[in-house]
Amino acid sequence: MPNIDVSTYFFTAAVPVCNEGIVEHRSLVGEKGIIKSSPIHVVREILETLPTALQSHATEEIGLNSPFSRNLRTHFTRFVILEQPYFNGRDHSNALVNAVANTDLLQPQPVDQITCPYIFWTIDFDLLDPSGAGEPRRYFEELWSVMAPELKSIFQYCYGFDKVTDGAGFATYMIDCQIETTMPFHDYWYVPPKLTPISTAGLALIPGVGVLMLLGSLVAAILGWTGWQWAAGFAGWSGWSWMPWAGLALLILGLVIDYYWVLWKGRQPYPASPGADLRNVLKGLYLQQAFTRFAMAQQRSDPTTWGAEFRKFLATTKPADLSGPTQPPGVIRSKLPGDAR
Amino acid sequence: MSNLAGKAYGMNVVTPMRPGVTWINNFLFMISRALPSTLSGLLGLGFIHFARWVIIRRDQWPQLGQPRANLSNDYMLFCSNFNGTWDQYIDAFADGIPGGLDLFWYSSTKYPNSIPITPFKNYIRANQVDTNYYYNATPGSGQRDIKLALKLSHDLAAIAAKAQGQSDAQLAAAFERLLIANQGGLGSPGYAPVASCDTAAADRNRADAELGRWGEGGAGPIEAERDLQPVAAAVVIASTANKDDGERAAIRAAVTATLGSAPLTDAAPKLAEPTPAPPADKPRETPDA
């Protein structure tokens, strides 16, 4: 299923916002008065002021990490407000066809309008079970348990959100708003993946037989037409009148089978990259920084001490232990012993 | 907010597709997944963490009680998390996998093809929707840093598993082999280059609001009641009907006093009453029809 690929869930949702009426709330900045605005404006303000990861000097000074950093399965997530889809102009058409058909190019084509703004929410999160059993419900219940106030604040003006009171309700709501991801792509494979392609010989088999029968019929028809009846009979095609129809039927049947086979094969998830979930990534980044520091230190030391020092390094950094020491999510770099801050 | 989260850029592109050709695009996606060698160009780029293409058919917009839209297009949402700038990304896409791109946007209306690059960039920018909130769990590291870190971590764990039974000399040799094998993967995480002074200033300017809401002792989330009818319907109707002659006269008098001249509306020649327009042959087209 395309929502799941490489042991990751690619969640996509479009949540409709009821943008009717006005909303009043107290400003925290500026003149500290009452702000009156549309609901979608408030949603934008909420998203603007939601803490991001500690990803720049300024955000590090603020010191508030993103609420999503409380979850150890979320690689990336984003909210995008779509007020109206873009209109790309009149469809392409051929000038000669237009002239013949007397098409009025000044007659406008319909422009799509959606009836309310939507919040697109996309998340890339790790699966606990490679089969994806229980997802994404389990993830949303986890998320609700660590950031319910933020989630309520973001979705409070959305259609139907007033019925959400707990984690289970939130998960149901988000699943109702879900749109299936068509084509996921993820590349944390540090060793080349072994991906099995669909069999091209298998794809070609039935339509290929159909094409051969059609070609055979054509050859027999030409032989018959040229008077070489004996040659057509020699080839066993003297009673060939059924063959073009059978060939055509096989060709069509084969193409239909191939179409559904390709759709089925395309929906199968690619295998997981071993140890590439977020906890492994964070541990890897921690080890990368610690090992770089360690390797630099060894450049200036006696090689006979490397073994003992490396043993100490392994004991301190515990490479197989994902629980720690490691890098927390949503920060630029790990804090290592001896760091200035 | 910003399309940037550390070293990652979050791109969103929403393009319309005519419903009759949506199935072709879906088939092209599926055949590229069924023949993974066709994705080698995309994998070879080496700066995309996660990406997705989502086909939203006209009847697939979630319905939760909002008025139903009468759409004439299906849409494709493309979201990508990549390292580098917008220009570098589009350039690399068009230079590296132009054929693949043209197939993935095959059904999108007015897609100009990826070469030449300028119309392609214009098309992407024209259909791009900016990100309102973007979170990246590893903002200091690029996609290649992460892959190299995973390899190093895997190698280190393998050595650590056998370290107990090994002498110091054997461990020193293992360290040397590990260092040689991973010497290209010892990158150091860091801040992304500042995209613009405005981006940096926006981060600083958000500090008060962010701390005031979510900091210690902050006001907490905005949970404001919505007033669905802030002005009574009767007042709105009365104001548009223009029936209050007394008020109109008062306003006219105030304007006259301000301008110091009498209005000339009565002196203007009277216009003939307009004849009613003939009925239209066909119903007028509504924008969302």
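## A buried face on helix α9 of chain B

The buried residues of helix α9(B) are covered by elements that include α1 (39-49) and α2 (57-62) of chain A; contact here requires C-beta atoms, placed from the backbone, to lie within 7 Å. The model is predicted: local features need pLDDT of at least 70 and side-chain atom pairs count only at pLDDT 80 or more, whereas totals for chains, interfaces and linings use all residues. Residues are numbered from 1 along each chain as its sequence is written, while chains are lettered from A and ligands numbered from 1 in the order in which they are written.

Helix α9(B) spans residues 207-214, and its buried residues are Glu210(B), Arg213(B) and Trp214(B). A residue is buried if 20 or more other C-beta atoms lie within 10 Å of its own. The three cover an arc of only 80 degrees around the axis, which puts them on the same side of α9(B); the arc is that of the directions from the helix axis to the C-beta atoms. An α-helix has 3.6 residues a turn, so residues three or four places apart point the same way. Helices are DSSP runs of H or I with at least four residues, numbered from the N terminus.

## The interface between chains A and B

In chain A, 115 residues are in contact with 112 residues of chain B. Helix α9 (residues 278-298) of chain A supplies the largest share of the chain A side, 12 residues. That side comprises 63 nonpolar, 35 polar and 17 charged residues. Ala, Val, Leu, Ile, Met, Phe, Trp, Tyr, Cys and Pro count as nonpolar, Asp, Glu, Lys and Arg as charged, and the others, Gly among them, as polar.

## Helix packing within chain A

Helices α6 (residues 200-225) and α8 (residues 243-267) of chain A have axes that come within 7 Å and cross at roughly 160 degrees. α6(A) is therefore roughly antiparallel to α8(A), a term for angles over 145 degrees. Their crossing is left-handed. The residues of this contact divide into 16 nonpolar, 5 polar and 1 charged.

## Helix packing within chain B

In chain B, the axes of α3 (residues 86-96) and α5 (residues 117-127) come within 11 Å and cross at roughly 130 degrees, so α3(B) is oblique to α5(B). The crossing of α3(B) and α5(B) is right-handed.

From α3(B), Ile90(B), Asp91(B) and Ala94(B) meet Ile117(B), Phe120(B), Lys121(B) and Ile124(B) of α5(B). This contact has 5 nonpolar, no polar and 2 charged residues.

Definitions and conventions:
Axes are lines fitted to C-alpha atoms, for helices over the stretch in contact, and angles run from 0 to 180 degrees between N-to-C directions. Helices (H or I, at least four residues) and strands (E, at least two) are DSSP runs, numbered from the N terminus. Angles under 35 degrees count as roughly parallel, over 145 as roughly antiparallel, 65 to 115 as roughly perpendicular and the rest as oblique. A crossing is left-handed if the near helix is turned anticlockwise from the far one by less than a right angle, and right-handed if clockwise. A residue is buried if 20 or more other C-beta atoms lie within 10 Å of its own, exposed if 12 or fewer, and partly exposed in between; C-beta atoms are placed from the backbone. Two residues are in contact if their C-beta atoms, placed from the backbone, lie within 7 Å.
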